[in-house]
Amino acid sequence: MNSHFDQSINRAGTYCTQWDYIEDRFGSKDLLPFSISDMDFQSPQEIIEAINKRTAHGIFGYTRWNHSDYKSSITGWYKKRFSADISMDWVVYSPSVIYSVARLLEILSSEGDHVILQVPAYDAFFHVINESKRKLVKNPLLYQNGRYELDFDDLEKKLSDPKAKVLLLCNPHNPTGRVWTEQELKRIVELCSKYDVKIISDDIHMDIIYNGNRFIPITSVATEIEKQNIYICTSASKTFNTPGLGGSYLLIPNEETRVSFMRLLKYRDGVSSANIFGEISVIEGYRQANEWVDGLCSYLYNNMYLMKEFIEQELPSIHFMIPESTYLAWIDCTGLQKNNQDLKQALVEVGRVGIMSGEVYGEDRGVFLRMNVGCPQSKVMEGLERLKRSVLSLTR
Ligand SMILES: Cc1ncc(COP(=O)(O)O)c(C=O)c1O
């Protein structure tokens, strides 16, 4: 049966980063892109209709986020999807997740302090830590039998350094797709409390979860005291494919830091209005698009499944496991026995396809690709054919 996610919609000429500016990332035009993490799907109809209605009003003045419609849509979503109790008081608006991370680093640490990060990692984390003049301290994930695990011994060693001030966690994890379990989260909270290190948890991929896995907001495993050291930065933008609308939010149980954040936001950085369309997308999406998200997750899982079948049959020296979460396929190409540069060149020149190299995310223990499958199945299959042509050109 056809799904509305099967519909291919031309995005060319919409100023979209993924298609219109593919050359910026790969040095070549007209590649089939599987790069930046947004999707080729329309947002839920409920959001589109609400935006159309608001657009027809025609007045787009300063817009407030600090009201119960916005905040209760968020707490309602957490209850509905994660059975989690979030207080409305914790909710703070922010223009973007990475803005939130940058400001929190500023509030919670000083120049030269250590920020611990599990690697591989979303590349913007490297930049935000470096640009904030904090020291990036890597806690490499263990990679065993094709699966990534936290290395708690190494983590404890790094947390115990007096200069360690922040652990920047990504849950679910981009690019490996791990969803940290209750046990893992509890251990993280325990260790960070022991060494008085604050936790910033980027949960932006929280809604794209596959079969039997469960996303748990890290505040849900913490005591009231431990919550005071936890900062969740997240957004509905991955879920509803709305990053171009602007806006994200934080959950900050600690009142003092919440006030500091809001002061910086408004008085120093001059963010005195929410983006009205971003705000509407959160309120209406969280209130009405629950089933749409379930349908999205099933569709994306099927894309992952097709990818697994294709790789097993056509490219047996490549290793791919369906991730627990995210629409990002993390593909281990080490078995090809080629280096990153050769693979990149073959993808661009032979396959004419834009797939991110694992190097970008700091994975240097092999040759990896990160391929975005947030798109119609037909595009995934075309991308896989192009990947195959590229790989065959290298092994011939
Ligand atoms: C883990 C993670 N955090 C943050 C972002 C970006 O969020 P924003 O555009 O709100 O800063 C992304 C986008 O790919 C991401 O994967």
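User: Which residues does Ser109 touch, not counting residues up to four places away in sequence?
Analyst: The model is predicted. In it, Ser109 is found in the loop between α5 and β3 (114-119). With residues up to four places away in sequence set aside, the residues that Ser109 touches are Arg134, Lys165 and Val166.

User: Is Ser109 buried or exposed?
Analyst: Buried means under 20% relative accessible area. The relative accessible area of Ser109 is 6%, so Ser109 is buried.

User: Where is Phe310 found, and is Phe310 buried or exposed?
Analyst: Phe310 is part of helix α13 (residues 290-314). Its relative accessibility is 7%, and Phe310 therefore counts as buried.

User: Which residues is Phe310 in contact with, leaving aside its neighbours within four places in sequence?
Analyst: Contact means heavy atoms within 4.5 Å. With the neighbours within four places in sequence left aside, the contacts of Phe310 are Leu315, Met381, Leu384, Glu385 and Lys388.

User: What distance separates the C-alpha atoms of Phe310 and Val348?
Analyst: Val348 is one of the buried residues of helix α14 (residues 340-351). Phe310 and Val348 are 38 residues apart along the chain, and their C-alpha atoms are separated by 20 Å.

User: What covers the buried residues of α14?
Analyst: The buried residues of this helix are Asn340, Leu343, Ala346, Leu347, Val348 and Gly351. Their cover includes α2 (22-26), β13 (353-357), β14 (368-372) and α15 (377-395).

User: Which residue just after α14 takes a positive phi?
Analyst: At the start of α14, a side-chain oxygen of Asn339 comes to within 3.2 Å of the backbone nitrogen of Gln341. Just after the helix, a positive phi of about 55° is taken by Arg352.

User: How far apart do the C-alpha centres of domain 1 and domain 2 lie?
Analyst: The domain assignment of the protein chain gives domain 1 (4-44 + 291-395) and domain 2 (62-288). Contact between them involves 32 residues of domain 1 and 37 residues of domain 2. The separation of their C-alpha centres is 26 Å.

User: Why does the largest pocket lie between domain 1 and domain 2?
Analyst: The space in the largest pocket is about 1,200 Å³. Its lining receives residues from both domains, so the pocket lies between domain 1 (4-44 + 291-395) and domain 2 (62-288).

User: Which element gives the most to the lining of the largest pocket?
Analyst: The lining has 44 residues, and those nearest the centre of the pocket are Asp38, Asn241, Thr242, Pro243 and Gly244. Elements that give two or more residues are α3 (45-57), α5 (97-108), α6 (123-131) and α10 (237-240). By class, the lining has 20 nonpolar, 16 polar and eight charged residues. The element that gives the most, with three residues, is α3.

User: Which helix gives the most to the lining of the second largest pocket?
Analyst: The second largest pocket holds about 290 Å³ of space. Its lining has 14 residues, with Arg64, Trp65, Asn66, Lys266 and Ser272 nearest its centre. Eight of the lining residues are nonpolar, four polar and two charged. With four residues, the helix that gives the most is α11 (residues 255-268).

Terms used: Residues are numbered from 1 along each chain as its sequence is written. This is a predicted model: local features need pLDDT of at least 70, side-chain atom pairs count only at pLDDT 80 or more; totals for chains, interfaces and linings use all residues. Side-chain values use heavy atoms; hydrogens and water are left out. On a 1 Å grid over the protein atoms alone, a cavity is a set of points where a 1.4 Å probe fits but cannot get out, and a pocket is an open set with protein on both sides within 12 Å along at least five of seven lines; lining residues have an atom within 4 Å of a point. Grid points are joined across faces, edges and corners, and a volume is the space filled by probe spheres set on the points. Ala, Val, Leu, Ile, Met, Phe, Trp, Tyr, Cys and Pro count as nonpolar, Asp, Glu, Lys and Arg as charged, and the others, Gly among them, as polar. Domain bounds come from an automatic or database domain assignment. Buried means under 20% relative accessible area, exposed over 50%, partly exposed in between (1.4 Å probe, protein chains only). A polar contact is a pair of N or O atoms within 3.5 Å; within protein, one must be able to donate a hydrogen and the other to accept it, and residues adjacent in sequence count only if both atoms are side-chain atoms.
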